[in-house]
Amino acid sequence: YKRVVIKIGSSNLVRDGKVDDEKIKNLIKIISKFKKKDNIEFIIVSSGAVAVGKEKVGISSLKLNIRQKQAMAAIGQPYLMRKYKENLENNNILGAQVLLTSDDLHNRTRLINARDTLLEILHYNAVPIINENDTVSTEEIKIGDNDNLSARVAAIVDAELLIILSDIDGLYNKNPKNHNDAVLIKEVFDITKDMKKNAGGAGSKVGTGGMITKLEAAEVCMKFNVEMVIINGNSLDNIVDILNGKQIGTKFSP
Ligand code: ADP
């Protein structure tokens, strides 16, 4: 692989209302290793800003209105970014904060702008850390979830692979939280109505999209010829396995 997008969601990053510092540290270590070993360019799409904001402000309520969420994201984002920056710095890598809205990916001029800037950042060997720009994203114009955002980013920069980290091993034929006999689907060539019907919403308290948004992301990837995998992010060794070419999780082949 030459260019890889990694999406890490709140269900992997947030533990007891706090961002898991060890997770970020390990993620950056892995990225650093593969940058050196195989010259891979990485882009990270990271959630977690709202959780950090809530922690800093001292709100523990699970139900925030949109305005409150936007404020928490704005307060949390620089703290989250600092964690990434510190870990990148420890590995002699530069980071870059990129906040995008749905508008940026639908309007052609802005899309090309975003793409060219991302490519320029990669040119300096820096790692873009992307999140949705919540401050200006109202409900109507929101991309809404980082699964979709990460797929669009992977498509515009012509990435070869999108790795979506989840709190589960991959896509199952039905929601394993409700069905004991659910079976992991190892490879998908075509997203069927049945898969969508059996893909529920967010399973964890902090997760947002659930499997539905991951299937939407897979559709974008298939359309733009990007390979996508869903793997369990509870162990980041799974990223290493994928980058070494091992087949784990669910692979969506374009
Ligand atoms: P993330 O923060 O990683 O995006 P989510 O909680 O949003 O996490 O999504 C993963 C969850 O989706 C799983 O833990 C599971 O409960 C739920 N889910 C619903 N349907 C399925 C399915 N068919 N296969 C796998 N997981 C499913």
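Which helix does Asn 26 lie in? Asn 26 sits in helix α2, which covers residues 21-38. The model is a predicted one, with local features needing pLDDT of at least 70, side-chain atom pairs counted only at pLDDT 80 or more, and totals for chains, interfaces and linings using all residues. Residues are numbered from 1 along each chain as its sequence is written, and side-chain values use heavy atoms, with hydrogens and water left out.

Now the overall picture. The chain has 10 helices and 10 strands (DSSP runs numbered from the N terminus, with helices being H or I of at least four residues and strands E of at least two). The C-alpha trace spans about 45 × 40 × 40 Å along its principal axes. Of the 254 residues, 51% count as buried (under 20% relative accessible area, with exposed being over 50% and partly exposed in between, using a 1.4 Å probe and protein chains only). As for contacts (heavy atoms within 4.5 Å), 72% of those between residues at least 6 apart in sequence join residues at least 24 apart.

Asn 26 is partly exposed, at a relative accessible area of 30%. Asn 87 is 61 residues away from Asn 26 in sequence, yet their C-alpha atoms are 8.9 Å apart in space. Asn 39 is in the loop between α2 and β4 (41-46), and at 65% relative accessibility Asn 39 is exposed. Its phi is near 60°, a positive value in a residue other than glycine. Most residues other than glycine have a negative phi.

Helix α4 (residues 66-90) holds Gln 77, which is buried at 9% relative accessibility. The side chain of Gln 77 makes a polar contact of 3.0 Å with that of Gln 97 (a pair of N or O atoms within 3.5 Å; within protein, one must be able to donate a hydrogen and the other to accept it, and residues adjacent in sequence count only if both atoms are side-chain atoms). Leaving out residues up to four places away in sequence, Gln 77 touches Ala 49, Gln 97, Leu 99 and Asn 131. Asn 92 is placed in the loop between α4 and β5 (95-100). Asn 92 has a positive phi near 60° and is exposed, at 74% relative accessibility.

Helix α7 (residues 146-156) is mostly covered, with 10 of its 11 residues buried. Among them are Leu 149, Val 153 and Ile 156. At the start of α7, a side-chain oxygen of Asp 145 comes within 3.1 Å of the backbone nitrogen of Asp 147.

Thr 250 is buried, with a relative accessible area of 0%. A polar atom of its side chain lies 2.7 Å from the backbone oxygen of Ile 185. Setting aside neighbours within four places in sequence, the residues in contact with Thr 250 include Asp 169, Leu 171, Ile 185, Val 188, Met 228 and Ile 230.
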